[in-house]
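I opened my notebook to jot down what I looked up in this structure today.

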Amino acid sequence: MANQLCIVLDFGGQYNQLIARRVRECGVYCEIKRFDTPLEEIKALSPMGVIFTGGPNSVYDETSPHIAKEYFDLGIPTLGICYGCQLMAYTLGGTVESCTRSEYGKIEVSHSGGTLFSNVPEKSVVWMSHTDFVSKLPEGFRGNASSADCPVAAFECPERKLYAVQFHPEVTHSQFGKEILHNFLYDVCGFTGDWVMDDFIDSTVRKLREQIGDKKVILGLSGGVDSSVAAGLLSRAIGKQLTCVFVDQGLMRKDEGNFVEETFTKLFDMNFVRVNCQQKFLTALKGVTDPEQKRKIIGTEFYNVFWDKIREQGAEGFFAQGTIYPDRIESGKGNQAGHGSTAVIKTHHNMVKMPDDIKFDGVIEPLGDLFKDEVRAVGEKLGIPHELVWRQPFPGPGLGVRIIGEITEEKIKILQEADAVFRDEIRKSGIESELKQFFAVLPDVRTVGVMGDHRTYDHLIAIRAVTTDDFMTADWARIPYDVLAKVSNRLCNEVEHVNRVVYDITSKPPGTVEWE
Ligand code: XMP
């Protein structure tokens with residue numbers, strides 16, 4: 001049985017994926033569709049509810065995204081948020097005007113009842129971000145919330161099951177945002193909450209078995225969260241019909257390759273093929289110092305090894321990959337976020353084409369409908385170790401982009417040791433959950449130091465730790481001085497060839513998270 005469906009209609013706002021995630025957190029399956037999805041297509045999907053998202057525009061801009069008036073004849077319960085709220089009012093004959101003063105940030109609103117606000121106190125704080133507002137409601141609608149600067153912070157027409165809020169219930173700054181979404185989904189639309197991760201695992205395993213039959217499946221395993229969880233699911237579905245190919249280019253963190261191998265060979269039923277090829281990579285990278293060239297070589301070598309191994313295994317049956325939902329979403333602003341097509345191959349988070357001579361019966365993406373948080377929840381339920389499921393992002397080219405200048409075996413070793421010490425200290429300090437990414441960099445700089453009575457001339461280690469929501473921008477983490485002191489002390493004492501430590505205090509922009 002298919003899940004009950006809510007559609008998030010994307011008008012290009014910045015919180016659209018967040019809305020979809022919040023809906024899923026309420027136990028309701030939802031998909032994001034572009035604002036210009038044909039009405040026939042929407043109808044055919046039989047959604048039990050639709051949410052119009054925010055958007056960056058004014059409804060009066062010529063280029064702003066609109067919706068046909070006939071949409072409202074479909075009779076689907078609908079919630080408009082921010083731009084979606086203004087669009088609903090405007091399309092149905094109301095008026096939208098520019099505010100004398102934009103509302104931005106946490107704002108107190110009061111409501112006068114209505115289904116959306118059941119169990120929400122009369123006054124509460126919400127997140128507002130708008131310069132237009134609804135100044136006149138369409139016929140048959142009533143306003144049921146306001147703020148000091150916004151006379152219509154919410155409106156409704158229960159007879160037609162149309163509701164709208166000027167604020168953003170999906171943002172955590174909106175105190176009762178979750179209740180408001182829940183009220184819309186359960187009390188207005190009548191969802192019953194059938195989106196449950198345990199059920200997802202059972203039904204996906206069933207579907208995979210049906211689809212795959214007795215054929216084989218090959219999956220490229222990187223040791224990242226997505227491919228690991230995809231491997232776990234496939235293993236549960238088809239056991240030894242699955243072969244995971246794990247290319248260890250020798251640029252992973254300390255002991256990581258062995259950890260991945262142990263996890264998948266001991267905990268899961270599958271064929272596990274590990275290709276150790278550090279020497280091949282070192283040879284290809286010899287003398288190369290340009291960051292772009294290094295990246296290119298690492299990428300090219302990786303796929304050469306990977307596809308060769310697949311040819312050797314025999315490309316029969318299906319090819320699986322760990323694509324997740326955000327990789328596939330077509331944004332209302334154009335196809336910015338996603339890559340859409342299932343034909344692209346995702347390994348190490350890079351999209352590459354499958355060579356022409358390799359032909360599988362099809363591509364399988366068992367996580368194609370899930371958000372990252374859901375992938376992690378599935379991973380935990382499948383028994384994949386916490387360390388893998390909550391692994392911080394790690395770039396495809398691995399330590400190759402953290403060793404500045406030429407990459408050598410000795411430098412890899414120094415960086416692996418230094419990085420392991422830094423991560424260990426962060427774990428012990430109890431601040432790990434506050435950091436989105438933290439790692440060591442080997443900048444290829446030697447400095448003079450003194451060790452005992454001896455002069456040293458050895459490596460500098462830079463440490464990097466960032467906080468961020470989406471990695472588009474990032475701030476350097478304010479790690480307590482005593483933690484930095486411990487890290488510095490341990491790095492100089494425990495890691496051979498390190499005699500100086502610096503902390504990278506550059507935000508992004510102007511810096512990037514990685515050094516190369
Ligand atoms: P930057 O350095 O661009 O990094 O600020 C943003 C995030 O992306 C990760 N990153 C990569 N991930 N392949 C990947 O899969 C890559 O080539 C790559 N380069 C950077 C980086 O670790 C950070 O999380």
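**The tail and its prolines**

I began with Pro509, which I found in the segment after strand 21 (498–503). Please keep in mind that I am reading a predicted model.

**Positive phi**

Next I went through some backbone angles. Asn119 has phi near 65 degrees, a positive value in a residue other than glycine. I located Asn119 in the loop between strand 5 (95–111) and strand 6 (123–136). Is Asn119 buried or exposed? I noted Asn119 as exposed because its relative accessible area is 72%, and the cut-off for exposed is over 50%.

Asp255 is not a glycine either, and I read a positive phi of about 65 degrees for it. Asp255 sits in the loop between strand 11 (242–248) and helix 7 (256–266).

Helix 13 covers residues 409–429, 21 residues in total, and spans 30 Å from first C-alpha to last, close to the 30 Å expected at 1.5 Å a residue.

How do helix 5 and helix 6 cross, and at what angle? I found that the axes of helix 5 (residues 197–212) and helix 6 (residues 225–238) come within 9 Å and cross at roughly 65 degrees. The crossing is right-handed. On the helix 5 side, I listed Phe200, Ile201, Thr204, Val205, Leu208, Arg209 and Ile212. They meet Leu233, Leu234, Arg236, Ala237 and Ile238 of helix 6. Sorted by class, this contact has nine nonpolar, one polar and two charged residues.

My last stop was Ile67, in the loop between strand 3 (49–52) and strand 4 (78–81). I logged Ile67 as buried because its relative accessibility is 8%, with the cut-off for buried being under 20%. Which residues does Ile67 touch? Leaving out residues up to four places away in sequence, I wrote down Leu9, Phe11, Phe35, Phe52, Phe72, Leu87 and Thr91. I also took one distance: the C-alpha atoms of Ile67 and Gly396 are separated by 41 Å, and the two residues are 329 residues apart along the chain.

Definitions and conventions: Residues numbered from 1 in each chain as written. Predicted model: local features only at pLDDT ≥ 70, side-chain atom pairs only at ≥ 80, totals over all residues. Heavy atoms only, no water. Helix = DSSP H or I, 4+ residues; strand = E, 2+ residues; numbered from the N terminus. Expected span 1.5 Å × (residues − 1). Axes fitted to C-alpha atoms, helices over the stretch in contact; angles between N-to-C directions. Left-handed = near helix turned anticlockwise from the far one by under 90°. Contact = heavy atoms within 4.5 Å. Nonpolar A, V, L, I, M, F, W, Y, C, P; charged D, E, K, R; others polar. Buried < 20%, exposed > 50% of the residue type's maximum accessible area, 1.4 Å probe, protein only.
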